[in-house]
Amino acid sequence: MPDVPTPAAPPEAEPAGRGGLNPLTGLALAGTGAVACLAWAHWSVWLAALAAAGAAAVRAGTASRVAAAGAAVVVPFALWALAIHGLFFPEGRTVLAELGPARVTAEGLAYAAAFVLRTAALAAVMLAFSLWADVGLLRAALVRRGVPAQLGYVLAATLGLAAAVSDRLRRIREAQEARGLVVRRGPGGRLLAARLQAVPLVLALVDEAGERAVALEARGQSLPGQRTAYRAEPDSPAQRALRWALAAASAAIVASVVVPAIAGAAA
């Protein structure tokens with residue numbers, strides 16, 4: 001009987017939307033963008049960061065999720081900033097309208113808009129990365145480079161929190177709708193649905209955190225010693241050079257703000 005050739009094992013498929021990019025390269029890109037948004041107070045920097053994060057989210061297929069999560073963070077913050085700085089800005093001189101003790105000033109609105117734009121840029125950059133990154137691959141990359149296992153897990157779990165909360169909230173909503181929950185139209189109905197979903201969401205996350213703590217302790221997470229990561233990560237000399245360049249750029253951005261401030265204080 002002739003030997004039947006054994007088919008070769010198919011290569012491991014690359015995660016969708018990663019594009020062969022090392023998770024540490026994505027982390028370096030997001031970190032540099034966040035540093036630039038925090039260090040340079042200019043609307044062009046924030047708009048550039050927003051555009052870059054949006055383009056990355058579109059390429060990764062996570063644009064709708066980034067927009068929804070970003071809106072949940074930015075919209076309440078924008079309302080608060082506009083109410084505080086738009087109506088009660090002490091340095092405001094150009095009065096647009098007076099509402100009793102409150103004054104709507106052009107300077108207050110400009111300050112509030114800049115504050116909101118910076119927050120939106122930071123949220124978009126970090127959400128675009130957290131929803132793109134393969135958390136397990138990122139943790140393996142960190143462990144392989146000598147990062148303590150506990151720190152690697154905390155970082156990976158934090159970045160994966162948005163996706164985990166979104167998935168858990170979707171399952172809670174589906175379970176409640178299967179039991180007859182009807183979300184009425186209008187803000188009142190949505191607020192009622194959010195209140196009904198918030199309690200089981202928090203309880204589920206707390207319970208899951210306890211289960212993970214027990215599982216990690218049973219697997220020796222807190223024990224000293226070197227860990228071995230068995231997941232291969234895409235990497236190349238060009239990406240390694242890019243990460244070093246981004247680290248140098250972040251240091252230069254920080255120095256461009258800190259050095260003049262120190263020189264001005266010493267003068």
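Mentor: A residue is called buried when its relative accessible area is under 20%, exposed when that area is over 50%, and partly exposed in between (1.4 Å probe, protein chains only). The model is predicted: local features need a pLDDT of at least 70, side-chain atom pairs count only at pLDDT 80 or more, and totals for chains, interfaces and linings use all residues. Residues are numbered from 1 along each chain as its sequence is written, and side-chain values use heavy atoms, with hydrogens and water left out.

Trainee: What makes up the secondary structure of the chain?

Mentor: It comprises 9 helices and 2 strands, in the order α-α-α-β-β-α-α-α-α-α-α along the sequence. Helices (H or I, at least four residues) and strands (E, at least two) are DSSP runs, numbered from the N terminus.

Trainee: How many of the residues of the chain count as buried?

Mentor: Of its 267 residues, 28% do.

Trainee: Which residues of α3 are buried, and what do they pack against?

Mentor: They are Val66, Gly70, Val74, Ala78, Ala81, His85 and Gly86. These buried residues pack against α2 (43-60), β2 (102-105) and α4 (106-132), where a contact requires heavy atoms within 4.5 Å.

Trainee: How do you know whether the span of α3 agrees or disagrees with its number of residues?

Mentor: The expected span of a helix is 1.5 Å times one less than its number of residues. The 25 residues of α3 (residues 63-87) should therefore span 36 Å, and its end C-alpha atoms lie 33 Å apart, which agrees.

Trainee: Where is the kink in α3 centred?

Mentor: It is centred on Ala71 and amounts to about 30 degrees. The bend at a residue is the angle between axes fitted to the seven residues ending there and the seven starting there.

Trainee: Why is the pairing of Asp235 with Arg240 called a salt bridge?

Mentor: The term requires a side-chain nitrogen of Lys or Arg within 4 Å of a carboxyl oxygen of Asp or Glu. The closest N and O atoms of Asp235 and Arg240 are 3.6 Å apart, so the pair meets the criterion. Arg243 and Asp235 also meet in a salt bridge, at 3.1 Å from N to O.

Trainee: Is Arg243 buried or exposed, and what is its relative accessible area?

Mentor: Its relative accessible area is 15%, which is under 20%, so Arg243 is buried. Asp235, at 28%, is partly exposed, and Arg240, at 38%, is also partly exposed.
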